Amino acid sequence: MLGISSDVESKWQQAQQRKLCKVGDILLKLTPEDAEAVVRAVELVREDADRPQADRFFTVVWLQKDVLTSNGFPIGKTVVSEHVRKVCACEQAGQ
């Protein structure tokens, strides 16, 4: 039993230390130039979100698949969508 409680406690402590979503974690791993490009891409997706869906050029799927995953950062579109919509851990952490 000690192993289970220790494992749970360890995971809980990791969760408490986590202050960013996965997109935020990725941004920290990038060069400043690449991080700036991803931040700009997020802004472009946010700006395009006001357009009708058929008219959108910059989308969450584009950011998730063609920008992040294709460059070695596999990530789900739900996580990217939450970051774009500012409902992720980054916003709660004030990032």
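**Ground rules.** I number residues from 1 along each chain as its sequence is written, and I use heavy atoms for side-chain values, leaving out hydrogens and water. Because the model is predicted, local features need pLDDT of at least 70 and side-chain atom pairs count only at pLDDT 80 or more, while totals for chains, interfaces and linings use all residues.

**Entry 1: Cys88.** I found Cys88 in the loop between α5 (77–84) and α6 (89–92); helices here are DSSP runs of H or I with at least four residues, numbered from the N terminus. Is Cys88 buried or exposed? Cys88 counts as buried, at 5% relative accessibility (buried is under 20% relative accessible area and exposed over 50%, with partly exposed in between, using a 1.4 Å probe and protein chains only). Setting aside residues up to four places away in sequence, I see Cys88 touching Cys21, Glu82 and His83 (contact means heavy atoms within 4.5 Å). I also looked up Gly24: its C-alpha atom is 9.3 Å from that of Cys88, though the two residues are 64 apart along the chain.

Entry 2: How many disulfides does the structure hold? I count zero, where a disulfide is a pair of cysteine sulfur atoms within 2.5 Å. Cys88 is in none, and the nearest cysteine sulfur, that of Cys21, lies 3.7 Å away. Cys90 is in none either; the nearest cysteine sulfur is again that of Cys21, at 3.6 Å. I noted that Cys90 is buried too, with 3% relative accessibility.

**Entry 3: helix α5.** Which residues of α5 are buried? I listed Val80, Ser81, His83 and Val84. Looking down the axis of α5, I see its buried residues fall within an arc of 160 degrees, so they line one face of the helix (the arc is that of the directions from the helix axis to the C-beta atoms). The cover over these buried residues includes α2 (22–29), α3 (32–48), α4 (60–68) and α6. Just after α5, I spotted Lys86 with a positive phi of about 60 degrees.

**Entry 4: Asp48.** My last stop was Asp48, in helix α3. Asp48 has a relative accessible area of 8%, so I put it down as buried. Its contacts, leaving aside neighbours within four places in sequence, are Arg56, Phe57 and Phe58.

Key
Helix = DSSP H or I, 4+ residues; strand = E, 2+ residues; numbered from the N terminus.
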